Amino acid sequence: ERKVQVDPQWTKYLLLTHPVQLITTIGKVKGKLETDIAPFATCLDTSYNPPYVTIAAFLHQHTPAGEEPIKGKMNTYLNIKQNGLFIVNTPGCTLLNKLDVLAYPYKRGRAEDKIEKAELTKTKPFVLAQIHTVYPPLIQEGLAHLECETVDIHRPKGSDHYLITGRVIGASYDESLGNDLE
């Protein structure tokens, strides 16, 4: 036989997900606004009309191998919980070499700007900036952007992730993709 049985914990390795999306958020930490960016492999369109997007955020910060565990919840989750806003930025292949910088977790309040560290450009979102005074940035180098207002955050019973659903209230894409995407 060519099939190998493995532990159900292998689900995360065996289940194909959508391509990685870059989620940008903003939140107040120690009285100061800080932007955040994190790559998410679990980002799904969960309603067409109205358009909803759901991301799955791990309960705790990820800890790089060989390092002391980071205490506390994910910055992405905490920022969304705080102001209810996030942007899904679709990266092109030119951003793949930035993933190591963008995926690296940091302790909340350390004032590290991973967007600047990865040499990416923050841009004002089209819709969120018109209706909110505080909003996450669009990433200029992204190919597409979905501006979201949170409609639901919940943790499925026994899960180690929060499911965060946002209504897409703004959408844009880079003109390099053409103008006849319909």
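Is Glu116 buried or exposed? Glu116 is exposed, with a relative accessible area of 55%, where exposed stands for over 50%, buried for under 20% and partly exposed for what lies in between (1.4 Å probe, protein chains only).

Before going further, note that this is a predicted model, in which local features need pLDDT of at least 70 and side-chain atom pairs count only at pLDDT 80 or more, while totals for chains, interfaces and linings use all residues. Residues are numbered from 1 along each chain as its sequence is written, and side-chain values use heavy atoms, with hydrogens and water left out.

**The whole chain**

Display the protein chain as a cartoon, and five helices and nine strands can be picked out; these are DSSP runs (helices H or I of at least four residues, strands E of at least two), numbered from the N terminus. Along the sequence they follow the pattern α-β-β-β-β-α-β-α-α-β-α-β-β-β. The radius of gyration, taken over C-alpha atoms, is set against a globule rule of 2.2 Å times the number of residues to the power 0.38; the chain has 17 Å, close to the 16 Å that the rule gives for 182 residues, so it is as compact as a globular protein of that length. Of the 182 residues, 36% count as buried.

Lys122 is partly exposed, at 34% relative accessible area, and salt bridges that share partners join Asp113, Glu116 and Lys122 into one network.

Next select Lys114 and Asp36, a salt-bridged pair with closest N and O atoms 4.0 Å apart. This pair links distant parts of the chain, since Lys114 belongs to helix H4 (residues 114–117) and Asp36 to strand E2, 78 residues apart. Lys114 is buried, at 7% relative accessible area, and Asp36 is buried as well, at 4%.

Then show Lys117 and Glu112, whose salt bridge has its closest N and O atoms 2.9 Å apart. Here Lys117 counts as exposed at 53% relative accessibility, whereas Glu112 counts as buried at 17%.

**Nonpolar cores**

Select Phe40, Ile55, Phe86 and Ile164, the residues with the most contacts inside the largest nonpolar core, which has 17 residues; such a core is a set of buried Ala, Val, Leu, Ile, Met, Phe, Trp, Tyr and Cys residues joined through side-chain atoms within 4.5 Å. Strand E2 (32–40), strand E4 (52–58), helix H2 (75–83), strand E5 (85–90) and strand E9 (161–173) each give two or more residues to this core. A second, separate core of eight residues includes Ile37, Leu95, Ile115 and Ala118.

**Cysteines**

Now show Cys43 and Cys148. The structure holds zero disulfides, a disulfide being a pair of cysteine sulfur atoms within 2.5 Å. For Cys43, the nearest cysteine sulfur is that of Cys148, 7.6 Å away. Cys43 is buried, at 9% relative accessible area, and Cys148 is buried, at 0%.

**Two last stops**

Select Trp10, found in the segment before helix H1 (11–14) and partly exposed at 42% relative accessibility. Finish at Asp160, in the loop between strand E8 (144–154) and E9, where the residue is partly exposed at 41% relative accessible area.

Key: Salt bridge = Lys/Arg side-chain N within 4 Å of Asp/Glu carboxyl O.
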